[in-house]
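Please read this briefing with the sequence and the model side by side.

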Amino acid sequence: MKNYFNAFKGLPNEAWVFALMTVINRIWAMVIPLLSKCLYEDLLFSYAQIGTIMLFFGLGSFSGTLIVAKLSKYISSYKLMVISMLSSGTLLFLLQYVKLFYLFCIAVFFYSLFADMFRPV
């Protein structure tokens, strides 16, 4: 076990910051599986509506990956990660105030779009 920890001793501070940012980003993503339960029980959305919301989540995730692949040629990876963290965190916070189905679809799309821009190419 000592050898395992010794392998990480020489890493620069930037690597540790990146690791912490990755953990925070993935913790936020854990909200989504629990979201369908809340949508059904609290907002009284139907299963079809919840499925549509999850579809928008997937489309946003796919779009975010494509967009970041293009943007990474022009903007540094670090700037893209900061934009992603700030945008997805803000959108996730604002998501609690959205109660209408169509607005929820749009909000979830943009949340997943920005959240998946965190992993630059």
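This is a predicted model: local features need pLDDT of at least 70, side-chain atom pairs count only at pLDDT 80 or more; totals for chains, interfaces and linings use all residues.

Residues are numbered from 1 along each chain as its sequence is written, and side-chain values use heavy atoms, with hydrogens and water left out. The secondary structure of the protein chain comes to six helices and zero strands, where helices (H or I, at least four residues) and strands (E, at least two) are DSSP runs numbered from the N terminus.

**Overall layout**

- Read along the sequence, the protein chain has the pattern α-α-α-α-α-α, and its C-alpha trace spans about 50 × 40 × 20 Å along the principal axes.
- Of the 121 residues in the protein chain, 28% are buried; buried means under 20% relative accessible area, exposed means over 50%, and partly exposed lies in between (1.4 Å probe, protein chains only).
- Among contacts between residues at least 6 apart in sequence, 77% join residues at least 24 apart, a contact being heavy atoms within 4.5 Å.

**Nonpolar cores**

- A nonpolar core is a set of buried Ala, Val, Leu, Ile, Met, Phe, Trp, Tyr and Cys residues joined through side-chain atoms within 4.5 Å.
- The largest nonpolar core has 16 residues, and those with the most contacts inside it are Leu35, Leu39, Phe45, Ile53, Leu95, Phe104 and Val108.
- Helix 3, helix 4 and helix 6 (101-115) each supply at least two residues of this core, and helix 6 gives the most, with seven residues.
- A second, separate core of five residues includes Val68, Leu80, Phe109 and Met117.
- Leaving aside neighbours within four places in sequence, Leu35 is in contact with Met54, Phe104 and Val108.
- Phe104 is found in helix 6 and is buried, with a relative accessible area of 3%.
- With neighbours within four places in sequence again left aside, Phe104 is in contact with Leu35, Leu39, Leu43, Phe45, Ile53, Leu95 and Val98.
- Phe104 and Phe56 are 48 residues apart in sequence, and their C-alpha atoms are 9.3 Å apart in space.

**The largest pocket**

- The largest pocket has a volume of about 210 Å³. On a 1 Å grid over the protein atoms alone, a pocket is an open set of points where a 1.4 Å probe fits, with protein on both sides within 12 Å along at least five of seven lines, and lining residues have an atom within 4 Å of a point.
- Grid points are joined across faces, edges and corners, and a volume is the space filled by probe spheres set on the points.
- Residues that line the largest pocket include Val31, Leu35, Cys38, Leu39, Leu95 and Phe104, and helix 3 provides the largest share of the lining, four residues.

**Aromatic rings**

- A search of the whole structure finds six aromatic pairs; rings of Phe, Tyr and Trp (its six-membered ring) pair if their centres lie within 6.5 Å, and planes under 30 degrees apart count as stacked, over 60 as edge-to-face and the rest as tilted.
- Tyr40 and Tyr47 form a stacked pair, at 4.6 Å centre to centre and with 10° between the planes; Tyr40 is partly exposed, with a relative accessible area of 38%, whereas Tyr47 is exposed at 61%.
- The rings of Phe93 and Tyr97 have their centres 6.0 Å apart and their planes at 75°, so the pair is edge-to-face, and Tyr97 counts as exposed at 55% relative accessibility.
- Phe45, Phe101, Tyr102 and Phe104 are linked into a cluster by ring pairs.

**Two single residues**

- Leu44 is found in the loop between helix 3 (31-41) and helix 4, is exposed with a relative accessible area of 70%, and has a phi near 60°, a positive value in a residue other than glycine.
- Ser61 has its place in helix 4 (residues 47-71) and counts as buried at 18% relative accessibility.
- Leaving aside neighbours within four places in sequence, Ser61 is in contact with Ser112, Leu113 and Asp116.
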